[in-house]
Amino acid sequence: MKAFVYALVVVLAFSSLSYLGLPWWIVAFAGFLAGYVLIGRFTVLLGAFSGGLLAWGLAAYFKDRANTGILAERMGEVFGGLGGFELILVTAFLGGLVALAACFFGRSLRILRTGNSI
Amino acid sequence: MRFIPLIVSGALLAILLWGLSTPLSAGKNVLPPLGGFINPYSGFWANADPVYADGKIPAHTLSIPGLTGRVEVLFDEMQVPHIFAENEPDAYRAQGYVMARHRLWQMDISARQTSGRLAEILGDRVKSMDKMIRRRGLARAAEDDWAEYQKNEFTRTMMEAYTDGVNAYIHELSPADYPLEYKLLNYAPEEWTPLKSCLVIEGMIDALNKKDSDLASSNSLALLGRDTFDYLFPLWYPKQIPIVQDTGQWGGFKKDQQGLLSGLHYSLNEVPERVFASPFEAINGSNNWAVDGSRTVSGAPILCNDTHLPLRLPHVWYQLQLHLPDYTTYGINVAGVPGVVIGFNNDIAWGFTNVSQEVADWYKIYWTDATKTKYTVDGEVLEAELRVEEIKIARGETILDTVRYTIFGPVVYEDSADALCDYAYRYTTHDPPSADDLEHFFSINKGKNYSDYRRAIPGLDCLSQNVAFASAQGDIAITVQGNFPIRAHEQGRFLQEGNSRDNLWKGYIPQEELPTLYKPSRGFVFSANQHSTDPSYPYYYAGRFDDSRARQIYSRLKDMHQITADSMKTIQMDNRSLRARDALQAMLPLVNQDQLSPDEQELYEELSRWDARYLRDERTPSVFTMWLDTCYNYTWDEMDAHRMKGIPVLYPSIWKFSELLESDPGCVFFDYAATKEIEDASAVVTHGLKVVAAIVREMEPEKLVWHRFKKFAIMHTAQIPAFSRMDVVTDGTRHTPNATDSDHGPSFRMIVELGEHPVAWGVYPGGQSGNPGSPYYDDLVDDWAAGKYRKLNFWLDASADGKHITERMEFTPQN
């Protein structure tokens, strides 16, 4: 459980650095870091996925809320007729997916280097 | 084996990151890399502007290089900036900043369009558009404009200050702040320049003045013969009420031009019967009028203007107020240009409509050989000036196009059937302006009376507009303003020979001999793209003039007294078409009712009851439109046959068609070539009604309702449906005063009541912001469609009523 929380916090914190102008793929770096540093099996992967999900999902949610859904409604149409909330979910899922893939890679690299399969 | 998870996970991550960083192809469109576009920090979510429902008023303190004093900008509830500055350059700096903040992408795309640089961002599919606009010489005209304008200190300072403001905003932007369209099209803003402002001006001039039918007229003349051509295409519409009527005022006109006119012997080209591209045409209209105090409740003049343009989002116009120590002006301008172009101040108001005269001509050029570098004029060999246009194409190879400039203008079309002949295009906007033009024109912003108006309007130069005017002193006036070539009779109506200097334009009609109406005894002036004058005006002109709106506006104004702003609104929102009424009156008596079935008879009765008003929820306007179109197309099938072969030809106007129905029902054109029988007008309208009845039987009733039938929509400039408004319900049609057509209509309804302080109302189908993620993107559309107006805030000091303020900006000089 601890590993889940740590992974989530690491990814959420690093991804949020995007607010400072860092590129969008910082979420991949954060996921990689969590996978490479934190010990754990699926909990770390799940934590990284959740961190990416929340980092992108919450940011989209708060922007959408402040905007009263004006832009999400229009962009949802660009994305093939999605509703505003569905668009937030897609955004969140993509953030989570990138973090998860990077975490998987980081974990694989650590296992290769340390031989510790946990 | 230990490497497998690493390889698999690495490959998965690499594919994911590559996929999210690579532009995606979707048919002809290229979508931006998804990772950058969808991430909530710098992607499209960053364009979700906050909506402040809690009354919070955001405030910003900023600076612009070159600023010399403090500038305060108050945004009202429409997000209209009210700019309070200590001097004009600072005001234009702030204007550049706020316009860019709201409309940067629109400014960029407007400048690109006129300079022929769209393919740089949109790719191969628009390269022919870029090529054509460059061949028409507009980018070069803008370069000539700036070369002249910068000789005038006021204009240079104004343009450069405005540019400083735009660039100050651009320099603040990180990629996260780029307007949404930049992200979608995956490119970055570039520096603004005064030349780009000139490109935007040229683009607007072209949008308004681009119309010529020389090639189609030449073809029609050849195909129909002189008598039939004159019969079908008269220069004057007998029911027309011109802008300026002959009261004997132009008796002395033209006497100073006799020397010039004696040299005019233009020669008509032997008419080509080969394929040309379609003529350039922008059918944009507008209404304006002013009534004097004798007709108003307040005793002060009222000026009204609604400019009809293609309706797009972001909206074409931008509202603003400029407040300076010596004047305050409120109005609109296009994004990318400083100042106020249509509007009012404390003392005067002014508004535009298109003149509708043709101000471009075509000439046949005779090359000496196939290299097309030299051509013959009056037996003399002249060298063409070659300008190589470099058209860059996104994801494609740059193409080079050599444009040949002759004394008759640039060669636009190359004649594929004759290697030694091409077609050159002479356009008023090719002539460089006077350096002082913009200074003169923008002096209208601080004008106080009729003399100031008359001094300012020659600055419009090649933008030909009917400029209506009213002053708090009680004056009203209208002037047909612009550069109009002095022509021999019918010169410029057809393709001309480009082998004789006789055919060159010999100057423009002098300013003092342009049609003007000042303080007419009837108490009002008006224009709606009708003829400028009646035929007695000494100078020849031709064009495409509206035959309906002006008559309807005149019929309303002439009997209207005790006028208020509300009564003016009813004219701007008037949905009655005299063109439809005239056609209906001609068509109905010709229907052979004996041949009608019961449901066709019912349709006939319905049309008989119709009052020619195009109301949104009625079906009769749709039925009539189908009936008129069917009969019209049936009648002019001969023209269709030529058009189908790719030969542009003229089609007679609707008024002429209606006149023929009444006065010449046996006219040969009523016969339909595809049948053995000989049809007359009665057969055409009866057949047409039967065709329409059959359509009505099959069509779902809700699709016949007028607002659905005409399919009105306000599309985004890049044709992105999600950023467009497809759901707007409107009355009217192109030929009613409320000229709302499928994608076209009143782009800014303005009513100004002058007096001690001006009181004004306005509305447009859009919003101040160009950002689809802003609450101010399309917030005025529904009011506009419903015929509602907003009271325009005319603030004389920065301590304006706080309840109207939604945002504040303060610009201070840099230390």
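Strand β11 (residues 342-345) of chain B is covered on both of its faces, with B:Ile342 and B:Phe344 buried on one side and B:Gly343 and B:Asn345 buried on the other. Here a residue is termed buried if 20 or more other C-beta atoms lie within 10 Å of its own, exposed if 12 or fewer do, and partly exposed in between, with C-beta atoms placed from the backbone. Helices (H or I, at least four residues) and strands (E, at least two) are DSSP runs numbered from the N terminus. The model is a predicted one, in which local features need pLDDT of at least 70 and side-chain atom pairs count only at pLDDT 80 or more, whereas totals for chains, interfaces and linings use all residues. Residues are numbered from 1 along each chain as its sequence is written, and chains are lettered from A and ligands numbered from 1 in the order in which they are written.

Two strands are taken to pair if DSSP finds at least two bridges between them. Strand β10 (residues 327-334) of chain B runs antiparallel to β11(B) and is joined to it by 4 bridges; within this pairing, B:Gly343 is the bridge partner of B:Gly331. Strand β12 (residues 348-354) of chain B also pairs with β11(B) in the antiparallel sense, over 2 bridges, and B:Trp350 of β12(B) stands opposite B:Gly343. A hairpin is formed by β11(B) and β12(B), with 2 residues between them.

Helix α1 (residues 3-21) of chain B comprises 19 residues and reaches 26 Å from its first C-alpha to its last, close to the expected 27 Å (1.5 Å times one less than the number of residues). Its buried residues include B:Ser9, B:Leu13 and B:Leu20. These lie on the same side of α1(B) because they cover an arc of only 35 degrees around the axis, the arc being that of the directions from the helix axis to the C-beta atoms. The buried residues of α1(B) pack against α5 (84-114) of chain A together with α2 (34-38) of chain B. The face turned away from the buried side carries exposed residues, among them B:Phe3, B:Ile7 and B:Trp18.

Chain B as a whole contains 25 helices and 29 strands. Its C-alpha trace spans about 85 × 80 × 70 Å along the principal axes, and 51% of its 815 residues count as buried. Of the contacts in chain B with a separation of 6 or more, 71% are between residues 24 or more positions apart, a contact requiring C-beta atoms, placed from the backbone, to lie within 7 Å.

Key
Two residues are in contact if their C-beta atoms, placed from the backbone, lie within 7 Å.
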